[in-house]
Amino acid sequence: MGRFRIDLVNGRGWPTSPAELEVRRETVHLRHELVEVAVMVRKAFAEWLRVGPARPLVVGNVDWALDLGSLVLTVGHAHYRLTDESRRQVVLLV
């Protein structure tokens with residue numbers, strides 16, 4: 001449990017402002033640009049990550065998906081790809 005930074009890149013592969021995950025006992029909170037954009041049930045999110053996301057997970061203002069082997073998220077109309085290291089952290093810590 002705790003907070004950690006998620007490094008993101010845009011569609012061109014350029015680094016963008018990071019997001020922050022706060023992992024709590026029952027929930028996972030996602031903040032981007034200082035705004036909380038999603039609160040996920042921790043067990044459901046962990047199961048979605050474990051199974052290998054066949055379809056997007058939509059929570060709050062965020063869509064999580066797997067695209068060409070990368071974990072991606074959409075916040076509003078902006079699309080981001082997690083760096084490989086951030087993806088490993090999300091899977092490990094959730």
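## Strands S7 and S8

S7 and strand S8 (residues 70-75) run antiparallel and are joined by six bridges. The model is predicted. Across this pairing, Trp 64 stands opposite Leu 73 in S8. The two strands form a hairpin with two residues between them. Leu 68 takes a positive phi there, near 50°.

## Strands S6 and S7

S7 (residues 62-67) also pairs with strand S6 (residues 57-59). These two run antiparallel, with three bridges between them. Val 59 stands opposite Val 62 in S7. Again the strands form a hairpin with two residues between them. Gly 60 in the turn has a positive phi of about 60°.

## Trp 64 and the core

The largest nonpolar core has 25 residues. Trp 64 is among the members that touch the most others, along with Ile 6, Leu 21, Leu 30, Phe 45 and Val 90.

Beyond its neighbours within four places in sequence, Trp 64 contacts Leu 30, Met 40, Phe 45, Trp 48, Pro 56, Leu 57, Leu 71, Val 72, Leu 73 and Leu 82.

## Leu 71

Leu 71 lies in strand S8. Leu 71 counts as buried because its relative accessibility is 2%, and the cut-off for buried is under 20%.

Residues up to four places away in sequence aside, Leu 71 touches Trp 48, Leu 49, Trp 64, Ala 65, Leu 66, Tyr 80, Arg 81, Leu 82 and Arg 87. Val 37 sits 34 residues from Leu 71 along the chain, and their C-alpha atoms are separated by 17 Å.

How values were computed: Residues numbered from 1 in each chain as written. Predicted model: local features only at pLDDT ≥ 70, side-chain atom pairs only at ≥ 80, totals over all residues. Heavy atoms only, no water. Core = buried A, V, L, I, M, F, W, Y, C linked by side-chain atoms within 4.5 Å. Buried < 20%, exposed > 50% of the residue type's maximum accessible area, 1.4 Å probe, protein only. Contact = heavy atoms within 4.5 Å. Pairing = 2+ DSSP bridges. Helix = DSSP H or I, 4+ residues; strand = E, 2+ residues; numbered from the N terminus.
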